Amino acid sequence: MKNLIEVKDIKKNYGKKEAVKGISFNVQENEILGLLGPNGSGKTTTIGMLLGLLKPTSGQIFINNLKLENHRIEILEMINFISPYIELPKKLTVKQNLYVYSKLYKVKNIEKRIEYLSEKLRIEDLLDSITGELSSGQKNRVSLAKALINEPKVLLLDEPTASLDPEVGDFVRTFLEEYKREKKISILLASHNMSEVTRLCKSVLMMKNGEIIDQGKPDDLITKHGRTNLEEVFLKLSRSKSEFY
Amino acid sequence: MSFTRIYGLFLRHFYLITRSFPRVLDLVYWPTIQITLWGFISNFFATHTTYYNNAVGVILTCAILYDFLFRTSIGFNMLFLEEIWSRNFTNLFITPMKIGEILTSLVITALIRSLIGLVPAVLLTSPLFGISILELGIFLFFLFLSLYIFGITLGILVSSGLLRFGPSFENIAWSTMFLLAPFGCIYYPIETLPEVFQKIAYILPLVYIFEEARNILINQTVDVENIYNAFIWNALYFTLSIILFYYSFNAAKNRGTLINMGE
């Protein structure tokens, strides 16, 4: 299976502080990789480097075999991102926002693309609504539509279901599973929702203090650490000292 | 350079204006107030001083020119700040837009925003004060162009600061024009300034633009050298601002400012 994301020994220092300490991993086509770790473990910094918003201090990133350092624009055409910490312009309608981003990504046949995503994400009735007036569940689905507007090969998700009620959360997870299966995209999922990670991810990376302290399939990690679920594994690793691993 | 992307970013701000009547009102309101205020002041000066005796519209024309500069510069900053305030900054910078495309789109949008405010104000001057800024003739175009370039230059410099230092730089965005205004010799000849300030004024394009506007209106002659000097200084500052913007963008990528911009 082809690697769509290849991260080779990337480091990020802010002055003397080492935010990411030389991590390496791959994400294959049609795979969801979970990125777990306590706050401040380096997850957001890692995602920032993959998006080209942060320059690694050293190391290399390849997306679809293209080196990010040399092919930033081509890579950004095939990648997208969703996070509860960023929003779409609140005063624009949902359709205006999707139209603007279609233009920015040079989407062909914009109307058809918006129609397709609206139907899949059940936002047809929201297209003429003001984005800022939507509920958090509705905003989340609209942001997901924006993140898929360019038919990305690689999707980076930072807490995609944070603050959603269980019904909407389940809808988003089911949608992501089906969309990944249908389009064979790679997804990097940073989440604190362990049941979500267990359900969606083929394998996970555990980060702490800028390092990968463990990795593997969720079931294998649970067995390895002698716990009953991934949340217990997370707690054990988060509370432990790094030198144990 | 992709015109589709440039148009896309323009649309984002155009939709914002068209969706909100208060925003359109805000664009028109301040230039109109400014021009009306200075219109009455200039009427007073015209009847009580000898300097302005033969040119009733000097102050008013300079007020219109200054307002255009102010609106262009602030307008550019507003477009940039709008992305920060709406927490859309990261979304924008992860699109495949090149820096040149972002700047081009903001430059065009800032011009349209300025014109929306300026045109009604200019149209008001004729019936209210019997003055037409068009008296400056073809040279009016060069003066406006020069002011527009300098306004955009200031906007790019402030945006570079926002990129480099984050939202904390916002206060500087509002104060730049007020800092430069005294050196621009907008309403008075450069000789009015102390000698040290004159030296500073001469390295700004503003002084040449406003000196020339007064020269055309008062002396009814054209000094092409003033217009030429304004363009030379503009070319220098504009080039420096573009270089600084690229430098700030790269610095922001090193410091992580692009990720935390909305916070």
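Predicted model: local features only at pLDDT ≥ 70, side-chain atom pairs only at ≥ 80, totals over all residues.
**View 1. The four-stranded open sheet of chain A is antiparallel.**
The strands follow the order β2-β1-β4-β5 in chain A, and their pairing is antiparallel. At the edges stand β2(A), residues 17-28, and β5(A), residues 66-67, each of which pairs on one side only. Strand β1(A), residues 3-14, is joined to β2(A) in the antiparallel sense by nine bridges, and in this pairing Asn13(A) is placed opposite Glu18(A) of β2(A).

**View 2. A hairpin links β4 and β5 of chain A.**
Two bridges hold β4(A) and β5(A) in antiparallel pairing, with Ile63(A) opposite Leu66(A) of β5(A). The hairpin has two residues between its strands, and Asn64(A) adopts a positive phi near 50 degrees.

**View 3. The six-stranded open sheet of chain A has mixed pairing.**
The order of the strands in this sheet of chain A is β6-β7-β8-β3-β9-β10. Because β6(A), residues 79-82, and β10(A), residues 211-216, each have a single partner strand, they stand at the edges, and one side of each is left without a neighbour in the sheet. From one strand to the next, the twist averages 20 degrees.

**View 4. Helix α9 of chain A lies across strands β3, β9 and β10 of chain A.**
The helix comprises residues 230-239, and the strands that it lies across include β3(A), residues 32-36, and β9(A), residues 203-208. Relative to β9(A), helix α9(A) runs at about 25 degrees.

**View 5. Helix α6 of chain A has an end-to-end length that agrees with its residue count.**
The helix covers residues 166-183 of chain A, and at 1.5 Å a residue its 18 residues should span 26 Å, which agrees with the 25 Å between its end C-alpha atoms. Lys184(A), the residue that follows α6(A), has a positive phi, near 55 degrees.

**View 6. Chain A meets chain B through 24 residues of chain A and 29 residues of chain B.**
On the side of chain A that touches chain B, α1(A), residues 43-50, α2(A), residues 72-77, and α3(A) each supply at least two residues. The largest share, four residues, comes from α3(A). By class, this side of chain A is made up of 14 nonpolar, three polar and seven charged residues.

**View 7. Helix α3 of chain A packs against helix α1 of chain B.**
The axes of α3(A), residues 94-104, and α1(B), residues 3-18, come within 7 Å and cross at roughly 160 degrees. That angle makes α3(A) roughly antiparallel to α1(B), and the crossing of these two helices is left-handed. From α3(A), the residues Gln96(A), Val100(A), Lys103(A) and Leu104(A) take part, meeting residues of α1(B) that include Tyr7(B), Leu11(B) and Tyr15(B). The contact of α3(A) with α1(B) contains six nonpolar, three polar and three charged residues.

**View 8. Helix α6 of chain B packs against helix α9 of chain B.**
Helix α6(B), residues 139-165, and helix α9(B), residues 205-219, have axes 10 Å apart and pack at an angle of about 160 degrees. The two helices are therefore roughly antiparallel to each other, and their crossing is left-handed. Phe139(B), Leu143(B), Ser146(B), Leu147(B) and Phe150(B) of α6(B) meet residues of α9(B), among them Leu206(B), Ile209(B) and Ile216(B). Nine nonpolar residues, one polar and one charged make up the contact of α6(B) with α9(B).

**View 9. Helix α6 of chain B also packs against helix α10 of chain B.**
The axes of α6(B) and α10(B), residues 224-255, come within 8 Å and cross at roughly 20 degrees. Helices α6(B) and α10(B) are therefore roughly parallel to each other, and their crossing is left-handed. The contact of α6(B) with α10(B) comprises 18 nonpolar, seven polar and one charged residues.

Terms used: Residues numbered from 1 in each chain as written. Chains lettered and ligands numbered in written order. Expected span 1.5 Å × (residues − 1). Axes fitted to C-alpha atoms, helices over the stretch in contact; angles between N-to-C directions. Parallel < 35°, antiparallel > 145°, perpendicular 65-115°, else oblique. Left-handed = near helix turned anticlockwise from the far one by under 90°. Contact = placed C-beta atoms within 7 Å. Nonpolar A, V, L, I, M, F, W, Y, C, P; charged D, E, K, R; others polar. Pairing = 2+ DSSP bridges.
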